[in-house]
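Here's a quick walk through the model, from how the copies are arranged down to single residues. Have the viewer open while you read.

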Amino acid sequence: MIEDGIKQLVQSLNVLYLLAGAVMILAMHAGFAFLEAGTVRVKNQVNALVKIIVDVSVATLAYYFIGYPLAHKVCFVRSATSLMADQGFELVRFFFLLMFAACISAIVSGGVAERMKFKPYITAGFFLAGVVYPIFEALIWGERWSPAFQGFVEHLFGAPIHDFAGSMVVHALGGWIALPAILILGPRMGRYVNGKSKPIPISNIPYLALGSWILILGWFGFNVMSSQSIETISGLVAVNSLMATAGGIIGGTLFGKNDPGFVHNGALAGLVAICAGSDIVNPIAAFVIGFVAAWIFVKAFVWEQEKLKIDDVLGVWPLHGINGIWGGIAAGIFGQKVLGGLGGVSILSQIFGAVLTIIYALVAGYVLYGILDKVMGLRLTEEEEFNGSDLSIHHITAYPEEKFKV
Amino acid sequence: MIEDGIKQLVQSLNVLYLLAGAVMILAMHAGFAFLEAGTVRVKNQVNALVKIIVDVSVATLAYYFIGYPLAHKVCFVRSATSLMADQGFELVRFFFLLMFAACISAIVSGGVAERMKFKPYITAGFFLAGVVYPIFEALIWGERWSPAFQGFVEHLFGAPIHDFAGSMVVHALGGWIALPAILILGPRMGRYVNGKSKPIPISNIPYLALGSWILILGWFGFNVMSSQSIETISGLVAVNSLMATAGGIIGGTLFGKNDPGFVHNGALAGLVAICAGSDIVNPIAAFVIGFVAAWIFVKAFVWEQEKLKIDDVLGVWPLHGINGIWGGIAAGIFGQKVLGGLGGVSILSQIFGAVLTIIYALVAGYVLYGILDKVMGLRLTEEEEFNGSDLSIHHITAYPEEKFKV
Amino acid sequence: MIEDGIKQLVQSLNVLYLLAGAVMILAMHAGFAFLEAGTVRVKNQVNALVKIIVDVSVATLAYYFIGYPLAHKVCFVRSATSLMADQGFELVRFFFLLMFAACISAIVSGGVAERMKFKPYITAGFFLAGVVYPIFEALIWGERWSPAFQGFVEHLFGAPIHDFAGSMVVHALGGWIALPAILILGPRMGRYVNGKSKPIPISNIPYLALGSWILILGWFGFNVMSSQSIETISGLVAVNSLMATAGGIIGGTLFGKNDPGFVHNGALAGLVAICAGSDIVNPIAAFVIGFVAAWIFVKAFVWEQEKLKIDDVLGVWPLHGINGIWGGIAAGIFGQKVLGGLGGVSILSQIFGAVLTIIYALVAGYVLYGILDKVMGLRLTEEEEFNGSDLSIHHITAYPEEKFKV
């Protein structure tokens with residue numbers, strides 16, 4: 001009888017635990033919105049804010065009816081009585097995992113900002129959360145193919161692919177899906193003129209900082225609650241997330257020469273990279289992982305923008321794509337016992353997972369955005385882009401009163 | 001002995017649980033503040049921010065000494081030793097329920113913005129949290145009259161009035177109290193000229209979006225923690241809140257033609273409407289409830305502003321008032337087992353509750369703001385309104401450095 | 001066996017509990033950043049934001065390797081396996097207490113704003129979190145000298161120094177360390193001309209309000225989780241924090257004549273003052289403590305700026321320094337049973353603690369900032385200060401797009 005009571009209490013606590021994580025990652029979407037609003041020009045701030053919040057809503061539908069059933073073999077079209085089993089734990093688990101699924105499109109958003117049409121962007125978000133992400137999720141994490149596939153990987157390389165909170169499954173996937181979308185769209189008008197790079201100034205650093213702070217704070221839900229039950233909570237995950245943030249900020253400051261964009265995105269670079277191994281690496285290694293991630297971000301961002309001439313507005317490919325891969329591989333290195341980690345990882349499995357992520361993401365991204373480009377057209381007209389997506393899509397500016405004053 | 005230990009642990013967890021809810025709803029007041037600051041003109045931003053934060057403080061006093069004792073038969077004027085019973089659970093319950101009480105004046109605030117004096121506004125807030133709300137609360141939820149009254153309703157219509165998290169008790173009450181206040185005040189200068197509607201542009205969509213996001217996030221505390229004990233936490237409440245938010249956002253986007261105001265307020269419309277039935281309806285129904293709520297908000301807002309010529313600045317009557325009623329009735333419809341709900345509700349009880357809320361709110365609103373108008377005068381002078389409430393009341397603008405630059 | 005299970009559950013919950021507190025106080029640092037960004041001129045907003053976030057990162061290193069071992073006799077340079085004992089509780093405790101340590105430099109930041117070099121500021125932050133704060137912490141709270149020292153104080157004055165959440169150990173310490181830094185730096189150019197005070201207008205009240213709101217919300221983690229275990233959670237602490245906030249806001253409104261700066265900082269004044277006694281005073285006393293704190297802040301701020309001619313930009317000495325002392329002494333007064341408190345405090349011990357805090361802080365502040373001034377120089381050149389620290393240190397303005405428009 002006492003045991004039953006305890007069991008039920010633990011069940012309640014697990015609902016609370018995953019819910020706290022879900023709400024914290026929902027907050028991260030506000031962070032994505034403000035990070036982008038601060039980084040784009042004033043004439044595209046409204047669009048940045050609207051894209052993200054509508055995205056989350058559309059992803060909710062897609063993942064409820066298609067994505068979650070696909071990855072986790074559970075159907076939600078049934079009576080509330082049946083859904084309330086275990087106090088609705090499965091529903092809250094849906095909420096929690098949905099928040100990861102919805103990140104994919106939010107990551108893409110930052111890359112395609114200021115020039116993409118609203119409808120194809122949202123349509124892509126539906127398929128990303130409903131199909132593209134869940135298929136990959138089902139391979140690495142889910143209940144469908146993961147047991148067999150990870151067993152196969154373990155058989156080949158000695159350990160399953162280790163990605164605790166999604167450096168690869170979420171961030172690298174999103175960042176590498178963004179790349180074809182960015183390439184298909186092409187750079188913003190005036191970004192590269194006669195082969196010369198002409199950087200477009202960002203609009204609002206306080207918004208960028210606000211977005212970064214919200215992301216940092218919510219990320220503790222992203223990482224810690226990835227244990228998915230209160231009894232497996234780990235202080236190591238929390239402090240590794242903190243250490244990688246610190247490493248990313250200090251790295252961003254040093255390599256970015258005090259630039260506020262690199263400082264605040266450095267934190268995010270560190271957090272992207274620590275997701276995979278946050279449960280197994282040493283806190284000192286976590287600091288190093290974050291510090292290196294900031295270095296990678298600064299260097300890769302400049303290389304992407306100036307040498308490759310890819311107009312990735314928020315730098316989501318280096319931030320999430322490359323750093324997600326770095327995080328996956330770093331888990332294989334620093335997770336080793338000899339480097340102070342908990343062990344149980346294989347560097348080969350991690351590299352295999354990294355290659356798999358890149359290939360799947362690139363193919364999925366080219367197919368999805370390629371089809372949408374043919375069917376709907378991805379890009380605003382020149383006039384719409386010149387006027388800004390706020391006026392062109394939302395028929396309003398971010399500061400409507402100002403227009404009337406002039 | 002083990003049982004005692006578990007009992008005490010559950011007590012601690014209940015304190016934590018309600019505290020988490022209370023802090024999340026306290027955050028919602030920051031959301032109200034920024035939603036209003038973004039929607040009013042720049043010359044009234046400071047006033048919006050100050051009104052809400054002072055409101056919460058005055059409500060704290062009113063509800064501690066008058067409101068909570070009135071609704072819950074508990075007196076807090078006693079020693080700390082006595083207040084610490086059950087680790088201060090009753091105090092935290094006060095904090096949690098106070099946050100609901102304080103919403104009433106925050107809702108009114110958005111309707112009467114840009115033209116109301118500060119003192120009568122705050123005075124009204126004291127009586128709303130100290131008397132007007134607690135009386136109604138005591139009827140539906142509290143320990144005082146609720147058992148007898150709800151028994152009577154159940155006897156008449158087959159079930160008590162079901163309002164899990166306050167679609168009617170909080171939101172409709174606030175929205176319908178705001179209506180007489182708005183009518184007594186009259187429209188802002190220049191809002192309707194010779195019978196023609198001349199919309200006044202809002203100032204800052206990022207602030208509006210920030211306010212909306214904070215409200216959305218805090219709302220999970222508003223709804224989930226309304227179970228008031230960890231052992232009754234329900235994943236259904238959480239996911240229904242999410243689904244209604246998604247429905248509201250998608251509805252706001254479609255019916256509001258991508259307008260960021262309708263998108264972000266659509267989320268709030270959905271959340272207002274789901275409060276009542278979030279514990280009993282099916283997630284698919286929750287989506288529908290939110291979607292319809294956004295449609296109601298868009299249509300009723302335009303009808304109110306353009307046909308009825310009521311200058312309700314943030315549209316709090318359609319948002320909280322009408323949608324709160326919709327939420328109460330929707331709980332009676334979609335809560336039925338035949339529609340996938342948990343059952344135990346009566347549509348007649350819900351309609352009765354809705355009518356009761358409207359009548360009580362209108363009477364209370366007319367009496368309260370009518371008396372304050374006679375005694376103190378509600379409205380700023382024309383000159384004060386023209387200069388803006390920031391300069392007139394707070395002797396400063398929202399961006400003081402700018403004034404000095406010019 | 002059941003007992004073991006419960007023990008482990010409590011352990012998990014303690015990790016969650018302290019983690020929640022840690023993340024809430026981490027959020028407070030975002031609050032510090034926006035409070036300062038709103039209070040300085042536009043040309044120093046970026047610097048305000050960057051200072052705080054880099055500070056937290058540097059403090060993380062300093063406290064991990066030096067400060068925490070110093071105060072709590074634990075070394076963290078060991079394997080992850082060993083760190084995972086008790087599910088990493090010690091690591092999360094480090095995270096939680098680090099957030100207090102990092103506050104010291106964040107408090108100083110507001111006083112020295114708009115004219116201090118970046119490197120000496122960050123260097124000072126390293127020593128504050130690594131050495132200066134931990135030594136004092138070890139005396140009052142830590143595991144090292146506290147048992148002996150507090151036993152000695154109890155022997156002398158009848159009770160140990162009572163400072164539940166750090167009115168003195170954190171806030172007064174930070175505020176009184178800031179004073180010598182401010183005096184060594186001297187006032188901003190143009191702040192006092194020919195002995196006349198020429199107030200410099202602040203830039204952005206919505207940012208100030210946002211910062212204040214974030215601080216208020218996070219403060220519930222600061223105070224409540226200071227119990228450091230779920231089983232000692234106290235609803236009294238939560239409601240006392242709320243009452244002091246309300247008292248501070250109402251006091252700030254009345255004594256500050258509706259000024260938004262005093263309203264929002266009034267809340268913080270109340271919260272600074274309630275930290276020490278939040279676990280023992282009566283909620284009514286908490287309101288009084290907050291109300292008086294707002295009065296102290298308003299009067300002391302004007303006195304400091306206009307009579308003493310100290311250019312303490314955010315008023316951190318009156319806000320944290322003087323009000324921290326007030327809070328420590330107020331705990332000794334209102335903690336008494338005769339005034340409705342829980343008892344167990346000695347007014348003499350509190351005064352002794354207050355004097356000790358002031359002396360230690362002044363000495364530490366003069367030595368630290370004095371040495372840094374000699375070695376690195378604390379102050380920007382006149383030209384750098386005139387151009388603003390954003391351009392001088394970060395090579396960018398807060399709104400880069402605007403510069404390009406002109």
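## How the chains are related

Which surfaces do the copies use to meet? Only 11% of the interface residues of chain B are also interface residues in chain A, so these copies meet through different surfaces. Contact here means heavy atoms within 4.5 Å.

## Ground rules

This is a predicted model, so local features need pLDDT of at least 70 and side-chain atom pairs count only at pLDDT 80 or more, while totals for chains, interfaces and linings use all residues. Residues are numbered from 1 along each chain as its sequence is written, chains are lettered from A and ligands numbered from 1 in the order in which they are written, and side-chain values use heavy atoms, with hydrogens and water left out.

## The nonpolar core

A nonpolar core is a set of buried Ala, Val, Leu, Ile, Met, Phe, Trp, Tyr and Cys residues joined through side-chain atoms within 4.5 Å. As for burial, buried means under 20% relative accessible area, exposed over 50%, and partly exposed in between (1.4 Å probe, protein chains only).

The largest core has 477 residues, and Phe95(B) and Phe95(C) have the most contacts inside it. Take Phe95(C): leaving aside neighbours within four places in sequence, Phe95(C) contacts Phe220(A), Ala238(A), Val239(A) and Leu242(A), plus Leu19(C), Ala22(C), Val23(C) and Leu26(C).

Helices (H or I, at least four residues) and strands (E, at least two) are DSSP runs, numbered from the N terminus. Axes are lines fitted to C-alpha atoms, for helices over the stretch in contact, and angles run from 0 to 180 degrees between N-to-C directions. Helices α1 (residues 2-39) and α4 (residues 89-111) of chain B have axes that come within 9 Å and cross at roughly 15 degrees. α1(B) and α4(B) are therefore roughly parallel (angles under 35 degrees; over 145 is roughly antiparallel, 65 to 115 roughly perpendicular and the rest oblique).

Ala33(B) sits in α1 of chain B and is buried, at 0% relative accessibility. Beyond residues up to four places away in sequence, Ala33(B) touches Ala48(B), Leu49(B), Ile52(B) and Trp213(C). Leu185(B), in helix α7 (residues 167-185) of chain B, is also buried, with a relative accessible area of 6%. Among the residues Leu185(B) touches are Val112(B), Met116(B) and Leu378(B). Leu185(B) and Asp311(B) are 126 residues apart in sequence, yet 9.4 Å apart in space, C-alpha to C-alpha.

## Two positive phi angles

Most residues other than glycine have a negative phi. His395(A) has a positive one, near 60 degrees; His395(A) lies in the loop between α15 (389-394) and α16 (400-405) of chain A and is exposed at 56% relative accessibility. Asp86(C) has a positive phi of about 50 degrees, in the loop between α3 (80-83) and α4 (89-111) of chain C.
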